[in-house]
Amino acid sequence: MSQSNTSNIQVLSTEVSQLRQELQLRDQLVQQLSQELFRLVKGNTNFMPQQPELERDTTQFQALQEQLQAVEQQVAFYQEQITTRDSEIYQLRQSVQELTDRTRMLEQVVQELPQIYRRKFEQRMTPVREKVAMLQRENRQLQAELQSVSYRLAIKTRSASHSGIDLPNFPRPASEQPQISTPQNA
């Protein structure tokens, strides 16, 4: 609700209160006057108001009645406006409550988002981790096979390179075999 509507309602409420007070004051005065008149008339049977005074009092009474009707109309108008404003206030309070509830729900969702994202990320990462583990096992297996193949290839390469250079072994007589002295290192 805007501040101007609130201030208008306060001004109208103040006016209504003032008008009610004036109305009560006038009602009291009318009642006091009627009681005083009744007392004077009852106590003095010879008392008969003079015609001009009676007309003046009647005119004043009619003027007061007209003012009273105008005030009653104003009061009814203000009461209708107050009722309308009250219903607007009620609707706005309901809207505020609904929006507050929605805000709380959204705040809770926002607070839960990190856990939800972590769970989703973990769920998505599980197959990736399994795939990485499988690839690592396969990589180790392939490296082992590569080392095995490299080793076998190296052995074959050595065998093949030595076989082409091998000299024939001729039998030597036992007497011609040179004696190899072994050096002695001290």
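Here's a quick tour of this predicted model, from its overall build to a few contacts along its surface.

## What you're looking at

Residues are numbered from 1 along each chain as its sequence is written. Local features need pLDDT of at least 70 and side-chain atom pairs count only at pLDDT 80 or more, while totals for chains, interfaces and linings use all residues; side-chain values use heavy atoms, with hydrogens and water left out.

The protein has two helices and zero strands (DSSP runs: H or I of at least four residues for helices, E of at least two for strands, numbered from the N terminus). Of its 186 residues, 5% are buried (under 20% relative accessible area; exposed is over 50%, partly exposed in between, with a 1.4 Å probe and protein chains only).

## Salt bridges

There are three salt bridges here, each a side-chain nitrogen of Lys or Arg within 4 Å of a carboxyl oxygen of Asp or Glu. In one of them, Glu 88 pairs with Arg 85, their closest N and O atoms sitting 3.9 Å apart. These two are three residues apart in helix H2 (residues 51-165), so about one helical turn separates them.

Asp 101 and Arg 104 pair up too, at 3.6 Å from N to O, and they're also three residues apart in helix H2. Asp 101 is partly exposed at 39% relative accessibility, whereas Arg 104 is exposed at 52%.

Then there's Arg 129 with Glu 122, at 3.0 Å from N to O. Arg 129 is partly exposed at 44%, and so is Glu 122 at 38%.
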